[in-house]
Amino acid sequence: MTQAAFFVLTALADQPRHGYGILREVEELSDGAVQLRVGTLYGVLDRLTADELIVLDREEVHEGRLRRYYRLTDEGMRALDAEAERMAAGASAAKRRIAEGRGTPGPVTNPAQGPGLAGGLA
């Protein structure tokens with residue numbers, strides 16, 4: 001699952017949203033790290049719809065413009081949950097390795113005994 005798809009599904013997890021609402025929510029959820037362009041958003045929405053992870057919830061006219069609201073399907077909620085679990089497991093594994101790396105001191109080089117520079121003093 002792409003990062004964009006993950007954040008779009010996350011944005012729709014609590015309630016249906018229209019395109020601009022999804023864009024704002026994705027930016028907020030990602031602390032500004034993911035800023036989707038409109039064309040990218042609608043490409044992701046089309047793919048998620050084709051995969052039956054989201055559906056069109058309703059259409060409303062607002063200030064003369066049509067707003068399409070999307071919502072997660074049950075399958076979309078399961079996919080989001082599975083991806084969140086996968087990401088959490090990966091983050092946990094990384095944290096363990098980082099902690100192990102910090103706990104294991106690296107090789108200590110004594111300048112008096114260590115290898116010299118090529119052509120240096122012997």
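Me: Helices are DSSP runs of H or I with at least four residues, numbered from the N terminus. Going by that, which helix holds Arg86 and Glu83?

Reply: Both are in helix H4, three residues apart, which is about one turn of the helix. This is a predicted model.

Me: What do their side chains do?

Reply: The side chains of Arg86 and Glu83 form a salt bridge, with N to O at 2.6 Å.

Me: Is Glu83 buried or exposed?

Reply: Glu83 is buried, because its relative accessible area is 9% and the cut-off for buried is under 20%.

Me: Which residues end up in one salt-bridge network?

Reply: Asp57, Arg58, Glu60 and Arg71 are joined by salt bridges that share partners. One of the pairs is Arg58 with Glu60, whose closest N and O atoms are 2.8 Å apart. Arg58 is partly exposed at 33% relative accessible area, and Glu60 is partly exposed at 34%.

Me: How many salt bridges are there?

Reply: The count is ten. Another example is Arg17 with Asp14, at 2.7 Å from N to O.

Me: Arg17 and Asp14, then: buried or exposed?

Reply: One of each. Arg17 counts as buried because its relative accessibility is 10%, while Asp14 counts as exposed because its value is 56%. As a general point, side chains of opposite charge can pair when their charged atoms come close.

Me: Changing topic. What lines the largest pocket?

Reply: The lining is His18, Gly19, Tyr20, Leu23, Val38, Tyr42, His62, Arg65, Leu66, Arg67, Arg68 and Tyr70. The space in this pocket is about 330 Å³.

Me: How does that lining split by class?

Reply: Six residues are nonpolar, three are polar and three are charged.

Me: And which element gives the largest share?

Reply: Strand E3 does, with five residues. Helix H2 (19–29), helix H3 (38–50) and E3 each supply at least two.

Me: Buried or exposed, Tyr70?

Reply: Buried, because its relative accessible area is 9%, against a cut-off of under 20%.

Me: Last topic, the largest nonpolar core. Which members touch the most others?

Reply: Val8, Ile22, Val26, Leu36, Leu48 and Ile54, out of 23 residues. Helix H1 (3–11), H2, H3, E3 and helix H4 (74–103) each supply at least two residues of this core. The largest share, seven residues, comes from H1.

Me: Take Leu36. What is it in contact with?

Reply: With neighbours within four places in sequence left aside, Leu36 is in contact with Ala4, Val8, Leu23, Val26 and Leu41. Val8 and Val26 are also on the list of core residues that touch the most other members.

Note on methods
Residues are numbered from 1 along each chain as its sequence is written. This is a predicted model: local features need pLDDT of at least 70, side-chain atom pairs count only at pLDDT 80 or more; totals for chains, interfaces and linings use all residues. Side-chain values use heavy atoms; hydrogens and water are left out. Buried means under 20% relative accessible area, exposed over 50%, partly exposed in between (1.4 Å probe, protein chains only). On a 1 Å grid over the protein atoms alone, a cavity is a set of points where a 1.4 Å probe fits but cannot get out, and a pocket is an open set with protein on both sides within 12 Å along at least five of seven lines; lining residues have an atom within 4 Å of a point. Grid points are joined across faces, edges and corners, and a volume is the space filled by probe spheres set on the points. Ala, Val, Leu, Ile, Met, Phe, Trp, Tyr, Cys and Pro count as nonpolar, Asp, Glu, Lys and Arg as charged, and the others, Gly among them, as polar. A nonpolar core is a set of buried Ala, Val, Leu, Ile, Met, Phe, Trp, Tyr and Cys residues joined through side-chain atoms within 4.5 Å. Contact means heavy atoms within 4.5 Å. A salt bridge is a side-chain nitrogen of Lys or Arg within 4 Å of a carboxyl oxygen of Asp or Glu.
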